[in-house]
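Have a look at the sequence and the fold before reading on.

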Amino acid sequence: MKKILAILCFLTFPFQQKCLAQFDKQLDSFCVMCNRSTSDSQKVIALGKLADYYYIYNLNSKGDSILHEQLLIAELSNNSNLILQALFGDAILNIGPSASTESFNRTIGFVQKGIDYSKATNKYDYLALGYTRMSDILRKRGEYDKALYNCVLALSLLQNVNSDSVKSITYMELGDTYLDRGEAVLACTNYNNAYDIAVKIKSIALQSKIHHCISEMYKKLNDADHARSELSESLALNKKAGNQEGLMMDYFDLARLTDEKFFIQRSIELADSLHAYKNLLNSKRLMLVYHYVIEKNAPEAFYYLEHEPDLKQSYLNNGIENYFTTLGNIYFYTGQIDSALYYYKIAEPKLQQTFDQNLSRINLEQIAECYWWKSNFAESTVYYLKAMKISLQMNDANTIAFYSGKLSDLYEKQSDFKNAFFYSKQSVQYKDSLRELSRQNDIALLGVDRENKKHQQDLFQQQQKQNLSRNIQYTGITIGIIIIFFIMLFVGSFPISALTVKLMGYFFFISLFEFFVLVIDNLILYPYVHNQPLKSWLIKIGVIAILVPFQHFLEHHVIGLLASRKLIEVRTKFSVKKWWEGINSRAANSKNLEEDEAVL
């Protein structure tokens, strides 16, 4: 085995050299950026980008050392903002489930440093963010109870958190944790809370991300239609806002959901244009899988793998066993069973030592399938039993039911009817539990639907209250302007100075036309030109060009009327005192007439 591995390493060495050349070229650009940095802030930023790049390409130990160096520079600068920037960079978020136990432990230790520093300096926003990050990493390790505990800690801090973005992220992580725990309704509730905050602060990026979370929730509940609907909403939102990063993620998840090549291509194009290395790499992996799973085209898959050096390097960096597994997958899904078995067997020993046992289970299953196709039922049985052992540890009902069915058939082919019956019975039991789980998913979907309807009703009532409050204010402003206008006319009917007349007219017309602009802006322009500053600017220029001459015309004539003596003459002719005396005089005459008639 060691000789074969050595030969294969030797044969792939020229390709590794080519990959390394391409990889090093991009790496050098980050290193140059670090070397040219003069200030501490520039060094911290440059090292953060370098660490991010290492983590993306699964060079976790190098990424850890860069983060340590970055934090050291920040601490020596004695700058609190730089320390927080180093502790809460995005690099550690790129660690994947296949990382080693050591890498996970180092990452957890680094996040804990951020939590401790935030707690010591009373930085509640960062403290809540630290707990959500700890939850995210623990979820990747499958430690859902610990993840939920950290989410609850973050949630308890929200009353002291100023950043609405952090609040939204906290609810989002809580939703993800509940979803992984199988509690879809609670996940939906927290996603809705996160979305409401994102809408409030008008964050398109957060709204889009929450749509993706809800889509993943529906996907886990086997509701592909609603999952795609959420992604379509996100796509429309990002197109309207011109959010290219959001569009990139929309196309990527649509590709995962639909297996459409167009979406993969668009995701690659956008990731390349944005220099989003993580998304570019993930999209290329998706394209490779498309070549050998959907198209079943082995030559095209190998060509793509060899001509995308960064893709190949990422597999090599993640361990030679992952690279061989990829080769095995290409051969397996294109029907070349012997070659597939050859590479799966080479990867087997190393995969058994990894932290993520799921990778080892999948590899064992593929080996068992290869032996099945080769009609080597004894070896196929051995490997299905190994895969079954891991599935039982993971309590994965789907794979246990599948493996039990396979083992029942295998033992029957080998005339071992006792074991065939045992695994047939086990298969039936787990299929029954899967049907129960399916019913639970249906119930969860109903619960999610009820939660969404309740949320929509709450939003409708809140909108109704806001509309009522807005209409009351508009009505109050309108009445106020009318009252001010009549007061101005009344005051103008008395002898006052010209300066007072001009000041009254000036402030009245400013109030009147600003009200016109307010109505036009909020009720007419906002629904159509929201987040389109150029269009809004041009339309407002046109509106103001019309209103200003009209304002000057009215202001000139009204102030002219107030400055003249016409209102005074009207007031003099129409004296309230004379009017009241006239009323009293008619009343007195009427009374005298009645008395005279009574005497007669």
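Residues are numbered from 1 along each chain as its sequence is written, and side-chain values use heavy atoms, leaving out hydrogens and water.

The average pLDDT (the predictor's confidence in each residue, from 0 to 100) is 80 for the protein, and 75% of the residues score at least 70. Residues 1–20 are another story: pLDDT is below 50 there, and the stretch has 19 contacts (heavy atoms within 4.5 Å) beyond near neighbours in sequence. Where pLDDT is low, the predicted coordinates should not be read in detail.

## The big picture

The protein has 26 helices and 0 strands; these are DSSP runs numbered from the N terminus, with at least four residues of H or I for a helix and at least two of E for a strand. Of its 600 residues, 42% are buried, meaning under 20% relative accessible area with a 1.4 Å probe and protein chains only (exposed is over 50%, partly exposed in between). Among contacts with a separation of 6 or more, 61% link residues 24 or more positions apart.

Helix α2 takes in residues 40–56, 17 residues in total, and reaches 24 Å from its first C-alpha to its last. That is close to the 24 Å expected at 1.5 Å a residue, counting 1.5 Å times one less than the number of residues. Its buried residues include Val 44, Leu 47, Leu 50 and Tyr 54. Just after α2, Asn 58 has a positive phi of about 65°.

The axes of α2 and α4 (residues 80–87) come within 10 Å and cross at roughly 5°. Axes are lines fitted to C-alpha atoms, for helices over the stretch in contact, and angles run from 0 to 180 degrees between N-to-C directions. The two helices are therefore roughly parallel (under 35 degrees; over 145 is roughly antiparallel, 65 to 115 roughly perpendicular and the rest oblique). Asp 40, Ser 41, Val 44 and Ile 45 of α2 meet Leu 82, Gln 85 and Ala 86 of α4.

## Helices α14 and α17

Helices α14 (residues 277–294) and α17 (residues 320–333) pack at about 30°, axes 8 Å apart. Leu 288, Tyr 292 and Val 293 from α14 meet Thr 326, Asn 329, Ile 330 and Tyr 333 from α17.
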